[in-house]
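Please take some time with the sequence and the model before reading on. The paragraphs below move from the inside of the fold to its charged pairs and then to its surface.

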Amino acid sequence: MREAVFEFELLTPAILAGADQQSAEMRIPSIRGALRWWMRLIDGEETEKKVFGHVTGKECQASTVTLRLLSSAQGVEKSQNAISLTGDKADYFLWPLRENTRGIIKHSSRFKVALKVKPHCDEIDEKFLWAFLFFGSLGTRSRRAYGSIWPRSVTIDGQEYDLPENQNDLLEYYWW
């Protein structure tokens, strides 16, 4: 894989922000962090360091990939706090955030991202990208299903992929 363009949709609300924690914002560092996590899980720590760069002691290596947000906020609605998401102060999944005002991007929002691999690098296996798109999530409380994503379009090295429509299609789809 040398270049990928993918659009994903939020299936559940995402609690994402930049420096201003009260303003919702989709940011490349959140996406990069999630992609790194999936690459480390699938290909191991050494491959992840080689592709995304690292600094350890006196040794450092720059990232071989660049990410760019091509279109943001298609259909983005922002909520000012967790209570307005659920309407229930007892929502266990948002417990630490129930009294805080945080920027939240509501579900059904779409984002388009480009990933490019620098020319001097080896070819990168795209399994980590598929894992992120089918099973990934972004933001605070992502381990509790907030910020879950689903791919809406994927083009890798100029080839557009047909995406599964449901769970059964997914089971027959890619690398398993």
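This is a predicted model: local features need pLDDT of at least 70, side-chain atom pairs count only at pLDDT 80 or more; totals for chains, interfaces and linings use all residues.

Once its neighbours within four places in sequence are left aside, F132 is in contact with F6, I31, A34, L35, W38, L138 and I149. In soluble globular proteins, nonpolar side chains tend to be buried together. Here the largest nonpolar core has 41 residues, and F8, L115 and F132 are those with the most contacts inside it. At least two residues of this core come from each of β1 (3-10), α1, α2 (45-52), β4 (65-74), β7 (110-117), α4 (127-135) and β8 (149-156), while α4 gives the most, with 7 residues.

Charged side chains also connect parts of the fold, and the structure holds 6 salt bridges. In one of them the side chains of R110 and E9 meet, with 3.5 Å from N to O, and this pair links strand β7 to strand β1 across 101 residues of the chain. E9 counts as buried because its relative accessibility is 11%, under the 20% limit, whereas R110, at 29%, counts as partly exposed. R152 forms a salt bridge with E9 as well, the closest N and O atoms being 2.5 Å apart, and here R152 in strand β8 is joined to E9 in strand β1, 143 residues apart. Through shared partners, salt bridges join E9, R110 and R152 into one network.

Another salt bridge lies between helices: E48 pairs with R36, their closest N and O atoms being 2.5 Å apart, so that E48 in helix α2 and R36 in helix α1, 12 residues apart, are linked. E48 is buried, with a relative accessible area of 3%, but R36 is partly exposed at 22%.

Which residues form a nonpolar patch on the surface? They are W37, L41 and I42, which together have about 270 Å² of accessible area. L41 is found in helix α1 (residues 28-43), and this residue is classed as exposed because its relative accessible area is 52%, where over 50% is required.

How values were computed. Residues are numbered from 1 along each chain as its sequence is written. Side-chain values use heavy atoms; hydrogens and water are left out. Patches are made of residues with over 30% relative accessible area and no salt bridge: like charges are joined within 9 Å, nonpolar side chains (Val, Leu, Ile, Met, Phe, Trp, Tyr) within 5 Å. Accessible areas come from the Shrake-Rupley method with a 1.4 Å probe; for residues, only the protein chains shown count as cover. A salt bridge is a side-chain nitrogen of Lys or Arg within 4 Å of a carboxyl oxygen of Asp or Glu. Helices (H or I, at least four residues) and strands (E, at least two) are DSSP runs, numbered from the N terminus. Buried means under 20% relative accessible area, exposed over 50%, partly exposed in between (1.4 Å probe, protein chains only). A nonpolar core is a set of buried Ala, Val, Leu, Ile, Met, Phe, Trp, Tyr and Cys residues joined through side-chain atoms within 4.5 Å. Contact means heavy atoms within 4.5 Å.
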